[in-house]
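Me: I want to learn how to read helix packing from a model. Can you walk me through one?

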Amino acid sequence: MRLPIQINDNSAEPLYHQIESQLRALIVSGQLTENTLLPSNRELAQSLGCSLITIRRVYQDLEAEGLLRSRQGSGTFVAKVDSEAGTRQLRQSAEEAIRAAVDAGLAAGLERAELERLFAVELDRRCGPKTGDRQDPS
């Protein structure tokens, strides 16, 4: 099984965290369903070009969160995720991404007003303008 995980070598975010957060999102969003067999540690490490220790850490962390379960001799599987826990995890992932975006903007020297404008532009692009913000086309 090939997992749609993208590694950003230029990111300040640690490699294990990039992999862990993307795998967590695949699970809690339901893209990976209960009992899905994941690649072995070695297979995933090879496909992502990272160390076996990195993948072991990711799998162990997600197993500790209750998102994965391992069976000796059978492999690592997606565990049952209740919808409330999944929603909490998705929100937490979104909050982490927002914090990372703010950190990147501040590191680039952007002021608060410019960051707010950029977020508003992106929200408008993705969600449409807020009600009451629509401009009269005439």
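**Reading the fold and its helix contacts**

Reply: Start with the inventory. The protein has five helices and two strands. Keep in mind that this is a predicted model.

Me: In what order do the elements of the protein run from the N terminus on?

Reply: The order is α-α-α-β-β-α-α.

Me: What radius of gyration does the protein have, and what would a compact globule of 138 residues have?

Reply: The protein has 19 Å, whereas a compact globule of 138 residues would be near 14 Å. Along the principal axes, the C-alpha trace covers about 65 × 30 × 25 Å.

Me: Which feature does UniProt place at residues 13-81?

Reply: The unreviewed UniProt entry puts "domain: HTH gntR-type" there. Over residues 13-81, the chain is 51% helix and 12% strand.

Me: Now the packing. What describes two packed helices?

Reply: Two values do: the angle between the axes and the distance between them. Take α1, residues 15-28, with α3. Their axes come within 9 Å and cross at roughly 45°. That angle therefore makes α1 oblique to α3.

Me: What is the handedness of the crossing of α1 and α3?

Reply: It is right-handed.

Me: Which residues in α1 and α3 meet?

Reply: From α1 come Leu15, Tyr16, Ile19, Glu20, Leu23 and Arg24. In α3 they meet Thr54, Ile55, Arg57, Val58, Tyr59, Asp61 and Leu62. Sort the contact of α1 with α3 by class, and there are eight nonpolar, one polar and four charged residues.

Me: Next pair. At what angle do α2 and α3 pack, and how far apart are their axes?

Reply: Helix α2 covers residues 41-48 and helix α3 covers residues 52-64. They pack at an angle of about 120°, with axes 8 Å apart.

Me: Why are α2 and α3 called oblique to each other?

Reply: Check the cut-offs. Roughly perpendicular runs from 65 to 115 degrees, and roughly antiparallel starts over 145. The angle of about 120° lies between those classes, so α2 and α3 are oblique to each other. The crossing of α2 and α3 is right-handed.

Me: Which residues make the contact of α2 with α3?

Reply: Helix α2 supplies Asn41, Arg42, Leu44, Ala45 and Leu48. Helix α3 supplies Leu52, Ile55, Arg56 and Tyr59.

Me: How does the contact of α2 with α3 divide by class?

Reply: Six residues are nonpolar, one is polar and two are charged.

Notes: Residues are numbered from 1 along each chain as its sequence is written. This is a predicted model: local features need pLDDT of at least 70, side-chain atom pairs count only at pLDDT 80 or more; totals for chains, interfaces and linings use all residues. Side-chain values use heavy atoms; hydrogens and water are left out. Axes are lines fitted to C-alpha atoms, for helices over the stretch in contact, and angles run from 0 to 180 degrees between N-to-C directions. Helices (H or I, at least four residues) and strands (E, at least two) are DSSP runs, numbered from the N terminus. Angles under 35 degrees count as roughly parallel, over 145 as roughly antiparallel, 65 to 115 as roughly perpendicular and the rest as oblique. A crossing is left-handed if the near helix is turned anticlockwise from the far one by less than a right angle, and right-handed if clockwise. Contact means heavy atoms within 4.5 Å. Ala, Val, Leu, Ile, Met, Phe, Trp, Tyr, Cys and Pro count as nonpolar, Asp, Glu, Lys and Arg as charged, and the others, Gly among them, as polar. UniProt positions are given in the numbering used here, feature names are shortened, and annotations may be inferred rather than shown by experiment. The radius of gyration is taken over C-alpha atoms; the globule rule is 2.2 Å times the number of residues to the power 0.38.
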